[in-house]
Amino acid sequence: MTYTTQQLLEILEQELRATCQGKRVLLSPGDRLDNPIMAKAINLDQVGKVFAYQDFRGQIHEYQRQHNVSGLVWRQCYFRGESIQFPELHNQLIAVEGDKEKLMAVKQEILAFWQRHTQQLNYWLIAHQHRPLRRESLVELWEQAEWAELDSTQQELFLGICWGNPVEYQYQWAKPNSGCHRIVATPDQPSGIKF
């Protein structure tokens with residue numbers, strides 16, 4: 001029997017808890033650091049816990065690849081009395097074959113939700129500094145995207161317009177091959193909440 005995505009997440013949670021409680025030990029964690037000065041300056045017990053968990057998570061990722069177990073979980077976003085459910089990659093798992101296509105399949109549904117709720121709101125591109133975004137510019141960004149994601153507060157709706165590798169898209173170093181434009185729709189100026 002192959003483990004499900006949810007079972008893998010439960011296993012990872014148990015392992016993280018055991019690691020934090022000191023039940024998992026990595027012998028010679030200093031050998032993992034390339035810098036001997038850093039090895040002396042930091043708490044190697046804590047470093048050992050991090051490496052022990054990373055090693056275990058790497059085994060889970062290999063299991064996902066071997067058995068094609070999805071790294072996607074279903075997320076629900078609520079805004080102004082309505083909700084939408086869509087897949088997203090869990091931050092402790094990897095995307096396997098077919099996962100990106102599942103993300104892409106709900107792109108239009110996410111856009112429809114966004115459009116329904118942002119007609120009277122202002123758009124802002126979230127970058128190092130928020131800057132106003134024209135609706136025409138949003139359309140251009142949307143056409144370049146492969147998939148989308150949503151998040152919300154009571155007053156603001158956040159849209160992620162993403163492309164590339166679902167495992168790397170949130171990292172700056174992955175650009176331009178992978179990335180995500182973040183946009184917020186708000187009645188006034190953005191609150192500054194990170195998405």
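**Ground rules.** I am working with a predicted model, where local features need pLDDT of at least 70, side-chain atom pairs count only at pLDDT 80 or more, and totals for chains, interfaces and linings use all residues. I number residues from 1 along each chain as its sequence is written, and side-chain values use heavy atoms, with hydrogens and water left out.

**The sheet.** I started with the strands, which are DSSP runs of E with at least two residues; helices are runs of H or I with at least four, and both are numbered from the N terminus. I found an open sheet of 5 strands in the order 4-3-7-6-5, with antiparallel pairing. Two strands count as paired if DSSP finds at least two bridges between them. Strand 4 (131-132) and strand 5 sit at the edges, each pairing on one side only. I then looked at strand 3 and strand 7, which run antiparallel and are joined by 5 bridges.

**Which residues of helix 6 are buried?** I noted S137, L138, L141 and W142, where buried means under 20% relative accessible area, exposed over 50% and partly exposed in between, with a 1.4 Å probe and protein chains only. These residues lie on the same side of helix 6 because they cover an arc of only 140° around the axis, taken from the directions from the helix axis to the C-beta atoms. Their cover includes helix 5 (107-117) as well as strand 3 (122-126) and strand 7 (179-186).

**The cores.** A nonpolar core is a set of buried Ala, Val, Leu, Ile, Met, Phe, Trp, Tyr and Cys residues joined through side-chain atoms within 4.5 Å. The largest has 24 residues, and L138 is among those with the most contacts inside it, as are I110 and W114. Helix 5 gives the most to this core, with 4 residues. A second, separate core of 9 residues includes Y53, I60, V73 and L93.

**G71.** Last, I visited the loop between helix 3 (44-67) and strand 1 (72-79), where G71 is found. G71 counts as buried because its relative accessibility is 0%. Its C-alpha atom is separated by 6.0 Å from that of H90, 19 residues apart along the chain. Leaving aside neighbours within four places in sequence, the contacts of G71 include T5, Q64, H90 and D99.

Conventions: Contact means heavy atoms within 4.5 Å.
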